[in-house]
Structure formats: C-alpha cells, structure tokens
Amino acid sequence: GVTRGLTISTNSDQYSAMVSFAFNVGLGAYRDSTLLRKHNAGDFAGAADEFLRWVNAGGQFLPGLLRRRRAERALYLS
C-alpha cells in the first residue's frame with residue numbers, strides 16, 4: 001500500500017519511516033496526507049516535518065505518539 005502512493009524514487013530509510021507511519025495512521029490517511037504529497041514533490045524537509053503533526057488521537061495530544069513521530073522523522077531523514 002505504501003509503494004502505490006509513491007511517485008518518486010525513495011530511499012530505504014524514507015520508505016521504512018512511511019511504512020511505520022502508514023501502519024499507525026492507516027493507508028487511507030497516509031495516501032491523503034500532506035506528508036506524502038510533499039515527499040512526492042521532492043520536499044523532503046517539509047515531508048519530515050509533517051510527521052510531527054500526527055501526535056493526537058481522539059482530539060487529545062499523546063506524548064507516546066510524539067515519541068513515535070520523532071523516531072519516524074529521524075529515520076526518514078537518516
């Protein structure tokens with residue numbers, strides 16, 4: 001599912017970070033995300049920053065999600 005959303009060459013770390021993200025938010029949210037749009041546009045810094053917008057669940061900020069998104073962002077940028 002992650003691969004079908006990609007329109008540009010993606011390195012293994014970027015791909016792994018997006019797989020983790022998509023697993024956690026769902027493929028529909030991943031495919032509709034600004035993160036994916038920015039990545040496919042070649043805006044890797046902008047895409048990396050989008051991970052940090054996904055830290056709420058049920059309208060509540062969750063510190064565990066922030067830790068997860070920071071780890072995904074770091075992997076994406078590595």
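Predicted model: local features only at pLDDT ≥ 70, side-chain atom pairs only at ≥ 80, totals over all residues.
I started at A71, which sits in helix α6 (helices being DSSP runs of H or I, at least four residues, numbered from the N terminus). A71 is partly exposed, at a relative accessible area of 47%; here buried means under 20%, exposed over 50% and partly exposed in between, with a 1.4 Å probe and protein chains only. From A71 I checked the distance to F51: the two are 20 residues apart in sequence, and their C-alpha atoms lie 9.4 Å apart.

Residues are numbered from 1 along each chain as its sequence is written, and side-chain values use heavy atoms, without hydrogens and water.

**α2 against α6**

Next I looked at how α6 (residues 63-77) meets α2 (residues 12-25): their axes come within 7 Å and cross at roughly 155°. The axes are lines fitted to C-alpha atoms over the stretch in contact, with angles from 0 to 180 degrees between N-to-C directions. The two helices are therefore roughly antiparallel, a label for angles over 145 degrees. I listed the residues making the contact (heavy atoms within 4.5 Å): D13, Q14, S16, A17, M18, S20, F21, N24 and V25 come from α2, and R68, R69, E72, L75 and Y76 from α6. By type, I noted six nonpolar, four polar and four charged residues.

**The faces of α2**

Which residues of α2 are buried? I found Q14, A17, M18, F21 and A22. Seen down the helix axis, they fall within an arc of 135°, so they line one face of α2; the arc is taken from the directions from the axis to the C-beta atoms. On the face turned away from that buried side I saw the exposed residues S12 and F23. I then traced what the buried residues pack against: α1 (2-5), α3 (27-31), α4 (34-40), α5 (44-50) and α6.

Q14 of α2 is buried at 7% relative accessible area. Setting aside neighbours within four places in sequence, I found Q14 in contact with H39, F44 and Y76.

Last stop was G42, in the loop between α4 and α5. Its relative accessibility is 38%, so G42 counts as partly exposed. I put its C-alpha atom at 15 Å from that of D13, 29 residues away along the chain.

Terms used: Parallel < 35°, antiparallel > 145°, perpendicular 65-115°, else oblique. Nonpolar A, V, L, I, M, F, W, Y, C, P; charged D, E, K, R; others polar.
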